[in-house]
Amino acid sequence: GGAVALAASGPKTKSKMILICPAWKRFGVEPPDSLKDATILHASSDDIVSHQDSKILSEMLCAKLITCGTNHRMIDKEALNTLEGVLLN
């Protein structure tokens, strides 16, 4: 999902983007420079996509990285509450 969103975005992408555990590095997606207002949600204990990759991506995009959740699926209460908070702000 997150890698696809990055790949589909381009220089004209203006909407707020929320990336959840984006596997951009795994799939060789080059993040566009236009996503300066992105928010990344990622669980530190994700065993599928490295949390470190999201740290790198957040620095590249000047995006906000929020560490939350218990695993890659991001369906636990903490992850869902964090997502809701980001969506409502």
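Reader: Which residues make up the largest nonpolar core?

Author: The model is predicted. In soluble globular proteins, nonpolar side chains tend to be buried together. Here the largest such core has eleven residues in all: L6, M17, L19, W24, V29, L35, A38, I40, L57, L61 and A63. Another core lies apart from it and holds eight residues, among them L41, A43, A79 and V86.

Reader: Do strand 2 and strand 3 run parallel or antiparallel, and what is the handedness of the crossover, right or left?

Author: Strand 2 (residues 39–42) and strand 3 (residues 64–67) are joined by four bridges and run parallel. Between the two strands the chain passes through helix 2 (residues 51–61), and the β-α-β crossover is right-handed.

Reader: Why are the buried residues of helix 2 on the same side?

Author: The buried residues of helix 2 are H51, D53, S54, L57, S58 and L61. They lie on the same side of helix 2 because they cover an arc around the axis of only 145°.

Reader: How many disulfides does a search of the whole structure find?

Author: A disulfide is a pair of cysteine sulfur atoms within 2.5 Å. C68 is buried, at 3% relative accessible area, and the cysteine sulfur closest to its own, in C21, is 7.7 Å away, so it is too far for a bond. C62, which follows helix 2 with a positive phi near 55°, is exposed at 56% relative accessible area. For the whole structure, the number of disulfides found is zero.

Methods: Residues are numbered from 1 along each chain as its sequence is written. This is a predicted model: local features need pLDDT of at least 70, side-chain atom pairs count only at pLDDT 80 or more; totals for chains, interfaces and linings use all residues. Side-chain values use heavy atoms; hydrogens and water are left out. Buried means under 20% relative accessible area, exposed over 50%, partly exposed in between (1.4 Å probe, protein chains only). A nonpolar core is a set of buried Ala, Val, Leu, Ile, Met, Phe, Trp, Tyr and Cys residues joined through side-chain atoms within 4.5 Å. Two strands pair if DSSP finds at least two bridges between them. A crossover is right-handed if, with the strands pointing away from the viewer, the path from the first strand over the helix to the second runs clockwise. The arc is that of the directions from the helix axis to the C-beta atoms.
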